[in-house]
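Here are my notes on this model, point by point. Please read them with the coordinates open.

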There are 2 protein chains.
Amino acid sequence: MIAVFGHTNPDTDAITAAMVYANFLRRTGKAAAAYRLGELNKETEFVLRAAGVEAPPVLTDLPGGSTVALVDHNESAQSAPSLDESSVKFVVDHHKLGDLSTNEPIFMRFEPVGSTGTILTKMHREANLAIQPLDARLMLSAILSDTLHFRSPTTTPEDREVVSYLAQIADVGDIGAYAGEMFAAKSDLGDVPAERLLKMDYKVFEFAGKPYGLGVVETTNPGYVMGRASELLAAMDREKAEANLAGVLLSVVDILNETNKTLVLSATEEKVLREAFGAGIEGQVADLGSRISRKKQVVPTLEAYFGS
Amino acid sequence: MIAVFGHTNPDTDAITAAMVYANFLRRTGKAAAAYRLGELNKETEFVLRAAGVEAPPVLTDLPGGSTVALVDHNESAQSAPSLDESSVKFVVDHHKLGDLSTNEPIFMRFEPVGSTGTILTKMHREANLAIQPLDARLMLSAILSDTLHFRSPTTTPEDREVVSYLAQIADVGDIGAYAGEMFAAKSDLGDVPAERLLKMDYKVFEFAGKPYGLGVVETTNPGYVMGRASELLAAMDREKAEANLAGVLLSVVDILNETNKTLVLSATEEKVLREAFGAGIEGQVADLGSRISRKKQVVPTLEAYFGS
């Protein structure tokens, strides 16, 4: 049995890629089941509810003798705690290659595109495997989510082409309206505690050998999130201490206006934001301009700054 | 410009994969050129001569601003010395994933198949790119070489299927006869110095943090190679000292009878061969039975033994 899962603090791509790739593996003759490594965010809840499908179960223990397929991530810090003891046999991802290594040759497919959904769509087409309407809807949602409906600089021509292709199979109606509903769902954060807001789209990266937590809240209503700044800064402070981090950043990305305002926790983070990004800082908010992609704009800048 | 190259001590797959992938990249709109990281072996010389094509030039310095496509390898110890300073953007490989990591998402395609040629053939078919007869001949040769004409346990059903497919495009006549000519060329070692014999198909691996050199001579005439054992052991001894290795193994693989006799340099290697493989040892020769694949049989056994 192959256990298929995306990263912790899953987003729509991490959840749907696990579901679609598990189905792909089954349809090509391999026993596989999708799992998730955490709570759904509001956008993903909306996507699954609109598709009329249940979320995959949370991964607890890997069944004995099972192998692993990683989707939408490859770094151990973003994966299941037991990853070291399990046998990774498949990876489909669109992130940089981190600390993964294997004892034997495996199947890996990485492409620098906007979403794992784009790669999975290509894999179906290459295998001449007809994409099922549910899978089409899930992959289309993932691409719209990861690319912020093509606003993110991670968007590639292939993402656009694949969305047009999937739209013919998935019955979602007008793409712009559907993306708007997804982003509205994601921005409905009224009952979400500050801790959860920080962790909703949160990854730990190593820079110069030290761990940094990088959270992002993508929203159509940044004013609401900024109104909770003091709560969020308190949550960041607790997380930094508990997880022994060198720094924590939380970026509030305005999806519609394509801006990034990042909360500044302490003088440590302030120095990094000023020196690495040349960010203007007012109070506890750093203006990161239009750097709306953590993967393409924030992480590479920090890597260059820290020299890793 | 993308510089495309395979591993040091190149074999037929490393050379031909660089040539074919560079052509693939050019045909899909990217400027690319193939290089090699060392001398051709006799088999590869035969393959290129029979195809009527020149070998790619040896890579000296990477041209400024060039990016890199790795084929048939991914570990820095098997690659260009300047790899750290260059920007790897593409990897096509069928080996285990080693120490590679990247600062940005890249294109990677790994499959656990017998040869990089098999993956490259699939990539052409997936892209609906007609395979040119020269490329077909080169990839077919690489698959026959890496799989020892399907005798190696690394052989997969896809390798066989791809060879049948390529045979229709490449004009090589009877596959068995062509493979026989390749292996005879490879076994014509009369004028090859012992140093070169050791290094012809030679890779350095880390086990428990220490470097081990693993050479293989695949031949239809193992008696000839074994007749040069004392010369070869002297070359192994020099290499071990010069490269500061924890151990050196040289396996003489009888292609036709599918056996592996490995030269035993010192008590260190003897202990490993006895304990890891349960090998019977006579004089300076360890009997590794039918373990003819370094990748699939020798390296994983050593990894398990050393606990890495």
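1. Helices (H or I, at least four residues) and strands (E, at least two) are DSSP runs, numbered from the N terminus.

2. α3(A) contributes A:Gly117, A:Thr118, A:Leu120, A:Thr121 and A:His124 to this contact, and α4(A) contributes A:Asp135, A:Met139 and A:Ile143. Contact means heavy atoms within 4.5 Å.

3. This is a predicted model: local features need pLDDT of at least 70, side-chain atom pairs count only at pLDDT 80 or more, and totals for chains, interfaces and linings use all residues. Residues are numbered from 1 along each chain as its sequence is written, chains are lettered from A and ligands numbered from 1 in the order written, and side-chain values use heavy atoms, without hydrogens and water.

4. Beyond four places in sequence, its contacts include A:Lys122, A:Glu158, B:Ile106 and B:Phe107.

5. In chain B, six strands form an open, mixed sheet, ordered β6-β7-β8-β9-β11-β10. Strands pair if DSSP finds at least two bridges between them. The edges are β6 (202-207) and β10 (280-282).

6. β6(B) and β7(B) run antiparallel, joined by six bridges. B:Tyr202 stands opposite B:Gly215 in β7(B).
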